[in-house]
Amino acid sequence: MERTGTITAVSGDTLEVTFCRPGDCEKCHACIGGEKKHVLRVKGEGHVGDAAVVSLPEQTIVKASAMAYLLPLAGLFAGMLPGALIAPQSETAGSAIGLAAALIGLTATEKKRSQSGKYAPKLLRVISAADALKN
């Protein structure tokens, strides 16, 4: 998935890119609390006011979403089953333990995923504000 945004801040080799949501989404407000802008930080070179084209493969988005939503859900159910088999009244405790274990596992491996850069958006190109005005 490619999106084009505007560089709103530069700090060393990190660009802060602001995106406006597509017109199709503006009436829904289901994401980002109804705000029409989203800020993302990417590595690259550019200047404030330039347009930045950023990419994140859809397969990566699906994997990250699965880790964020399905893994905790699987932990919840995995903890519920032993809890229900041991004692029906302990299924809630088992669910909480399974959910906590999944969340702790995600948190413990977050640093490794962040450092790998596999889930980080990539800057494809920067279109200078001067070039954009010429077109």
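1. **Ground rules.** This is a predicted model, in which local features need pLDDT of at least 70 and side-chain atom pairs count only at pLDDT 80 or more, while totals for chains, interfaces and linings use all residues. Residues are numbered from 1 along each chain as its sequence is written, and side-chain values use heavy atoms, with hydrogens and water left out.

2. **Overall layout.** The protein chain has 3 helices and 5 strands, where helices (H or I, at least four residues) and strands (E, at least two) are DSSP runs numbered from the N terminus. Along the sequence, the pattern reads β-β-β-β-α-α-β-α. Buried residues make up 22% of the 135 residues in the chain; here buried means under 20% relative accessible area, exposed means over 50%, and partly exposed lies in between, with a 1.4 Å probe and protein chains only. Of the contacts (heavy atoms within 4.5 Å) with a separation of 6 or more, 65% are between residues 24 or more positions apart.

3. **Helix H1.** This helix covers residues 58–86. Its 29 residues should span 42 Å at 1.5 Å a residue, and the end C-alpha atoms are 41 Å apart, which agrees. The expected span is 1.5 Å times one less than the number of residues. H1 has a kink of about 35° centred on Met67, the bend at a residue being the angle between axes fitted to the seven residues ending there and the seven starting there. The buried residues in H1 are Thr60, Pro72, Gly75, Gly79 and Gly83, and what covers them includes H2.

4. **Helix H2.** The same check works here: the 26 residues of H2 (residues 91–116) should span 38 Å at 1.5 Å a residue, and the end C-alpha atoms lie 37 Å apart, which agrees. H2 carries a kink of about 40°, centred on Thr109. Gly94, Ser95, Gly98, Ala102, Leu106 and Arg113 are its buried residues, and their cover includes H1. For reading such a list, an α-helix has 3.6 residues a turn, so residues three or four places apart point the same way. After H2 comes Gly117, with a positive phi near 75°.

5. With 22% relative accessibility, Met67 counts as partly exposed. Apart from residues up to four places away in sequence, Met67 touches Pro72, Leu106, Arg113 and Tyr119. Ala93, in H2, is partly exposed at a relative accessible area of 44%. The C-alpha atoms of Ala93 and Gly83 are 7.0 Å apart, for a distance of 10 residues along the chain.

6. On a 1 Å grid over the protein atoms alone, a pocket is an open set of points with protein on both sides within 12 Å along at least five of seven lines, whereas a cavity is a set where a 1.4 Å probe fits but cannot get out; lining residues have an atom within 4 Å of a point. The lining consists of Ala64, Met67, Ala68, Leu106, Glu110, Arg113, Ser114, Gly117, Tyr119 and Ala120. H1 and H2 are the elements that give two or more residues to this lining, and H2 gives the most, with 4 residues.

7. How do the lining residues divide into nonpolar, polar and charged? There are 6 nonpolar, 2 polar and 2 charged. In this scheme Ala, Val, Leu, Ile, Met, Phe, Trp, Tyr, Cys and Pro are nonpolar, Asp, Glu, Lys and Arg are charged, and the others, Gly among them, are polar.

8. **Two strand residues.** Thr6 lies in strand S1 (residues 2–11) and is partly exposed, with a relative accessible area of 39%. Leaving out neighbours within four places in sequence, Thr6 is in contact with Glu16, Val17, Thr18, Gly49 and Asp50. Asp50 is 44 residues away along the chain, with a C-alpha separation of 5.8 Å from Thr6. Ile127, in strand S5 (residues 122–127), counts as partly exposed at 31% relative accessibility. The C-alpha atoms of Ile127 and His47, 80 residues apart along the chain, are 9.7 Å apart.
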